[in-house]
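Student: Please take a close look at one part of this model, the place where two of its chains meet. I would like one connected account of it.

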Amino acid sequence: MEKHISTTFDKHLDKLGGNTLKMGSLLSERLTNISQNIGKPVDAKSSAAFEKEINALEVKLDEECVRLLALHRPAASDLRFVISSSRIINDLESIGDEIARLTDAIANMLDNLNEKDDPSLNDIADITSKLAGLLKEVLIAYDNEDCVQAARIILKEREMEELFRNAIRTRITMIMEEARNVKSSVHGFWMLRSLERIGKCTRQIGNHILYHVEGHDARHKSREHLRERFLENN
Amino acid sequence: MNKKTISGRETGKSNSINNIEKPENNTLITAEGLYLYYDNNEEAALKNISMKIEKQKVTAFIGPSGCGKSSLLRCFNRMNELSSTCRLEGKIHIQDQDIYDPEVNIAELRRNVGMVFQKPNPFPKSIYENVAYGLRIQGEKDKDKINQIVKSSLKAAALWGEVKDRLNSTAINLSGGQQQRLVIARAIAVQPQVILLDEPASALDPISTLKIEELIHELKKQYTIVIVTHNMQQAARVSDYAAFLYLGKLVEFGKTNDIFTKPRKKMTEDYITGRYG
Amino acid sequence: MYKKTNTDSVREEVRQYFKEGDYGIAIFAACLGISLALVGAVMLLILVKGFAHFMPNDLHSYEVRLSGSETTLKIAGEVAARERITHQVLIESGYTPAVKKDLYERILLKNGNRELGRDYRWILVDDILAKEQDPDLTLIERYSYGNFYGTPQSIKPINPATEELSISYEEGEGGEDADRGEWQAKLKSVLRYNKKIRKEMAKLQSKKIDKINYRLEKIRLETNRLKIRKEATAEKLQELEAKRTELYAMAQEAEEQLVLLDDQLNQHELHMLTADGTAVAINFSQIVRLYQSNQLGFGGRSKVYLARLAEFVSGKPRESNTEGGVFPAILGTVMMVLLMTIFVMPLGVITAFYLYIYAKQSFITRAIRIAVNNLAGVPSIVYGMFGLGFFVYTIGGSLDQLFYPEALPTPTFGSGGILWASLTLALLTLPVVIVSTEEGLTRIPRHLPEGSMALGATRFETLWRISLPIVSPSIMTGMILAIARATGEVAPLMLVGVVKLAPSLPLDGNFPFLHLDRKFMHLGFHIYDVGFQSPNVEAARPLIYATAALLLLVVLMLNSIAIIIRNRLRESYKNLS
């Protein structure tokens, strides 16, 4: 898009976009990291530091949004960009929270596990790595203002329901097989819940991108609607 | 806050979801294929402009300097004709009356379509005489009637409280904002249908500007208002409909809400977001 | 350490001075100073010389040696001028001085007594043998023959049949107070009585005789008109004749009254002795006023000064304009200027409005504007020629043919008059009014008339209610300039109606009070006439200054009125941006 007449406006907008991306990429890296190292002991210290960093970024980015609104009074696409960025930041923060819960759940599970027990975290690792990929993609779509990509990601995330359902079914079967699996399975449920939240936030980010680029509010709309509006012509 | 007007129609910001259009009943001014030339050899100042302006709504014209928004505004009360070389093609109807019909009495038209200019232009007369000017032009002699109209017009322009004790002192000594409200009162005094505002607040301080904007909100209960403004925030604040003009062409015309959040044309987008160079 | 020498520091200062650039201010200030000094000098010279004339001077009696002889002459009067003259010039003028010098000083003595000889005389200071400031020397201002200087002898009744005794002026020391008192009382009573009679005569003249004559003239014209139109029935003529007879009777009666009054003036005469001993009897009817200025203190002189000034301002001219007052000229000037204003203002203002508001701004409008501007530079005498050729001969002649055939061959409007003069000057000042009005119109903010039009006012309503009031200060400026120019013009007036001595005023008590066809007097022309056309240049010189001062005051007064009005108007629109 063309530059604004006011260069500070451009600078502030760029900074907001850049920082949002940075926050997002931190989160997606963390997710990838978790998926790769699942089952290994969790470094509580680094986890706390990570949460702190994410919170600090959120506060800073919120301030940037308010500053943009107050100083430049953005309109039209600029307004939508600021508003959607602000919402994305919120969602990213939620993702950060959920990541913390996820790591907590993994740590708790590992602490209480006997040597020979199978943690059976493969499906969770799979979901986590998929979500990390989606988050990465959605951030790229955000950077490119690409609503087709964003719509695709939303649909992909919806399609992950199947994975969640399978993981839950596996854990229910495990509980039914042996009562001592209850503990680890409950931890598994907690993880899945966090992961589902992360997925939902990722989907929301996709919606915000749609709003930013097209001015179209796609929240609470059916998949068919999305397909019709964004994918079929492309 | 939605209030019932005289006509019983709901006013206030219209909700984009459940607003059902009834354009035929509500249209007051219709422009069709307008071309305006200031000089025969020159390029047209307005090119093929067609639009419908709704009754008892505020319509804002925005656009960069020289885009023709003031010229368009002046077409509605034929003020363009003050420059003798000006020529207009196309039609403008106000309530089914073609205002460029040769039969039309221009003075009557201008009484029906009041105008307020960029610079406050009170006449060098007393406050009272300023408001009574239009009535005197019409040959109104009844003192009681004039008194009453002056009072009600000043009240409608939210100026009565500030000037009621000095109606006979000169209007020149009022502040800029007061002068502009006086000029609005002067326009109201002849009971027009339409009020054209040509950048009414551009010479005023922010507080006076807000007062004028508040006044516009009040006035639209009774009058149809067309406003030209440089200040996009102002257009966004006061208007129900907005038209973006560029180089004499009407680029986009629609609900203010839409124009300022998701304009359809890139040109509008660029202008509104400050990318127009 | 290096120490600056004196020249260095001066040079440095000069350089500094020029570097600061303030030398520009000095030049501007100098220009302003010169302008102010010039204006001030003009005003001062004219006012001082003009108004000093009315102050009574000291009177002296001299014993003078006559040119080229040993005979002496006693002479009395006041010093009118003083100059230095070279021997050569003196010889060439036919004067033989007693002593030979390179440079002589001589005085111009106003010695009056014109019936006895010259009333001004140059006297070489070297030839003055004796000089005395005699307190008894008396100056008598007379209705004819100018001033008289001499010592009083006695007041005597003219008619020897009366039993009234003559009262003598006991001169020299030891004169009894009682006698002097009696003399003063008699003098005063006679003068006061004469003044009263004169007033009555003037009243009779203006209230009765002039009116009767005016009506007689009307009847004569009426008779002529009837004859020309062939409507002269015997009946009508008889009626007019009857009126005429009646008026004649009234006129005769008035004349008789006048003669009676005149007789009453001629009751006493004043016996005087000139400096060289000649006895002269002066009829009291001839005396305007008399005073012994050597005896007068400041108060007395001031009294005389004011009386003479009042006579100058309010009186009629005498002695071919070299004495008396200039009232007809003041009235003529003011009337002419006012008439001119009445003609030029509407015309100029309407023209300017048309040019600026209604006319299309095309090549022709521009050409007209340039032409108007250039008209302001046309020499005024050209306007005079135009006035004479067009107004007087063409229009005036036609008017006479059409409306005043009964008076022909005597022209009514067919010769110069105050109407034509003011019209000519109106033409002359028209460009000024147009230009300044248009100037004012260009300064009206465009949005004011637009605001009016947007309320449904027509162009004319806008012009009348908005533009005209706002532009009124500029119109007044135009008027001020027009008045200033018109008051000062003389040349064109000489062609279209100004005369040396007008028999009647353009404004008087006879219906229709304002007589536009009459010729009139003008202060400017009066200056020219008295200064250059007078038979007695010496006597007239102070009057030139006085008249000029008066003209200045008239201009000042007319302008002040206009400026006051303009400032009032301006006050109402001062905040108009």
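**Chain B and its side towards chain C**

Tutor: In this predicted model, residues 24 or more positions apart account for 67% of the contacts in chain B with a separation of 6 or more. Chain B holds 11 helices and 10 strands. Its radius of gyration is 19 Å, close to the 19 Å that the globule rule gives for 277 residues, so chain B is as compact as a globular protein of that length. The C-alpha trace of chain B spans about 55 × 45 × 40 Å along its principal axes, and 55% of the 277 residues are buried.

Now the interface. On the chain B side, 25 residues are in contact with 21 residues of chain C. The two chains bury about 2000 Å² between them, and carbon and sulfur atoms carry 63% of that area. Pro124(B), Tyr133(B) and Ile137(B) supply 27% of the area that chain B buries against chain C, more than any other three residues.

As for polar features, four residue pairs are in polar contact between chain B and chain C, counting pairs with both residues at pLDDT 80 or more. The rule finds one salt bridge across this interface: the side chains of Arg74(B) and Glu450(C) meet at 2.9 Å, N to O. Several elements of chain B each supply at least two residues of the side that touches chain C, namely helix H3 (106–112), strand S6 (113–116), helix H4 (127–137) and helix H7 (176–189). By class, that side of chain B has 15 nonpolar, seven charged and three polar residues.

Note on methods: Residues are numbered from 1 along each chain as its sequence is written. Chains are lettered from A and ligands numbered from 1 in the order in which they are written. This is a predicted model: local features need pLDDT of at least 70, side-chain atom pairs count only at pLDDT 80 or more; totals for chains, interfaces and linings use all residues. Side-chain values use heavy atoms; hydrogens and water are left out. Contact means heavy atoms within 4.5 Å. Buried area is the accessible area (1.4 Å probe) that two parts lose on being put together, summed over both. A salt bridge is a side-chain nitrogen of Lys or Arg within 4 Å of a carboxyl oxygen of Asp or Glu. A polar contact is a pair of N or O atoms within 3.5 Å; within protein, one must be able to donate a hydrogen and the other to accept it, and residues adjacent in sequence count only if both atoms are side-chain atoms. Helices (H or I, at least four residues) and strands (E, at least two) are DSSP runs, numbered from the N terminus. Ala, Val, Leu, Ile, Met, Phe, Trp, Tyr, Cys and Pro count as nonpolar, Asp, Glu, Lys and Arg as charged, and the others, Gly among them, as polar. The radius of gyration is taken over C-alpha atoms; the globule rule is 2.2 Å times the number of residues to the power 0.38. Buried means under 20% relative accessible area, exposed over 50%, partly exposed in between (1.4 Å probe, protein chains only).
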